[in-house]
Amino acid sequence: MLHIDLPPHPTTLPEWLAHAERLHPVTIDMGLERVQRVAQRMGLALTCPVITVAGTNGKGSTCAMLEAVYTQSGYRTGVYTSPHLVHFEERCRIAGEPVATDELLPAFAEVEEARKGQGGDEEISLSYFEFTTLAILRTLSRAGLDVAILEVGLGGRLDAVNIIDADCAVITCIALDHMALLGNDREAIGFEKAGIMRTGRPVVVSDPVPPQSVLDRALEIGADLWRIGKDFHFAGDQQQWGWAMHPSHGGRRYAGLAYPALRGANQLVNASGVLGAVEALRSKLPVTAQAVRNGLALVELPGRFQIVPGTPTLVLDVAHNPHSVAALTENLDAMGFYPTTHAVFGAMADKDLGAMVERIAPLIDRWHLTDLPLPRASTAVALAETLKAHPATAKSTVAGCHASPMEALQAAVSQADPADRIVVFGSFFTVGGVLQDGVPRLSAKHLPS
């Protein structure tokens with residue numbers, strides 16, 4: 001008899017993640033049939049209220065603000081977001097902290113057992129995202145949560161997160177991204193995002209101009225639609241802001257709010273959607289006005305227009321599509337004058353790089369380009385060719401191509417004067433690459449190796 005040495009059962013998180021990467025023939029495989037079958041074998045369910053957040057931009061900020069408000073109300077929160085910046089455990093937060101590795105390992109083993117099947121059940125192939133989503137949902141299901149906040153990975157309708165029925169859906173800004181998978185215009189993309197709605201349950205739409213497909217889907221299935229600018233609205237001045245619901249939804253108001261701790265003009269739109277969700281779920285999860293104030297004032301989320309103290313000024317932002325880069329550009333412009341702005345830039349090859357560059361190039365003087373550690377990424381050399389061919393970069397310079405984001409940041413620091421500004425953007429992997437050893441502290445002409 002032929003003897004085959006089977007690979008050992010994974011025992012560590014890196015081993016499980018490597019195993020999950022090898023299981024499926026393609027990285028992204030949209031659809032719920034396979035992941036639902038495995039979830040059914042696991043008996044997977046969340047018994048607490050669930051908020052599911054979809055959208056092109058603003059999902060992470062929305063999840064973080066929801067988490068902060070509910071935490072300040074005394075609730076035990078669970079959050080699933082993706083991708084992570086540095087450590088996989090960042091994808092699952094329980095009671096405001098990244099999950100402990102030891103809490104994830106049993107869930108990975110359970111997913112594997114259910115995937116393989118028993119008693120003649122067929123083995124089911126799962127993608128990396130599907131496998132890890134199931135493991136994190138199982139971990140959340142055992143955490144004794146009062147509320148679970150789930151961020152959609154891609155789209156909504158066919159995303160693995162959508163196997164869980166949301167008590168409240170939140171749809172943030174919808175823009176053009178992942179068009180090869182989601183559709184070529186906002187209407188098609190909006191239809192995919194709208195797939196997280198459920199009949200008779202609230203859906204909060206914080207996009208000020210949502211695609212008609214989102215509104216049509218809410219009407220078609222009988223979802224309880226809450227729209228910014230119609231069912232709730234916000235207004236503010238330089239010192240404070242306020243939020244109010246339409247009388248048909250109860251007319252609750254918040255006045256004299258401090259601006260959210262997350263920087264950027266777009267965060268008021270996200271915060272307004274958060275308050276809409278909080279009010280939509282008030283009967284299940286009562287929240288005090290003070291918890292709202294404290295939560296928005298204390299919320300933290302690395303990599304979203306994060307300004308790092310020191311000189312030169314360092315800005316970290318995961319902006320990775322034209323719409324989010326446009327928001328970053330607006331926020332950078334509002335910072336005032338800097339003699340020279342250096343960009344540390346790395347991005348995926350399937351993004352609309354020309355549109356991203358066109359938005360931000362007028363603010364960039366020197367580009368420090370970087371490779372990123374995954375096949376989808378554009379090389380630094382290819383980025384340089386794109387920049388040199390783009391008319392918007394005529395007044396800027398490609399200062400160099402580098403093997404990693406940290407090497408690019410070191411080069412930028414070595415060339416920058418203390419009064420200059422360095423902006424790191426283009427991908428989660430670009431920002432994550434400079435956060436590998438913690439937040440960089442810039443106070444000299446070099447960074448520690």
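pLDDT is the predictor's confidence in each residue, from 0 to 100. This is a predicted model, in which local features need pLDDT of at least 70, side-chain atom pairs count only at pLDDT 80 or more, and totals for chains, interfaces and linings use all residues. Residues are numbered from 1 along each chain as its sequence is written, and side-chain values use heavy atoms, with hydrogens and water left out.

Q: What pLDDT does the chain average?
A: The average is 91, and 94% of the residues score at least 70.

Q: Why is histidine 342 called buried?
A: Buried means under 20% relative accessible area, exposed over 50%, partly exposed in between (1.4 Å probe, protein chains only). Histidine 342 has 0% relative accessibility, so it counts as buried.

Q: Which residues does histidine 342 touch, not counting those up to four places away in sequence?
A: Histidine 342 touches Arg366, His368, Ala412, Gln415, Ala416, Asp420, Arg421, Ile422 and Val423.

Q: What makes residues 341–345 a strand?
A: A strand is a DSSP run of E, at least two residues, numbered from the N terminus. Residues 341–345 form strand E14, where histidine 342 is found.

How values were computed. Helix = DSSP H or I, 4+ residues; strand = E, 2+ residues; numbered from the N terminus. Contact = heavy atoms within 4.5 Å.
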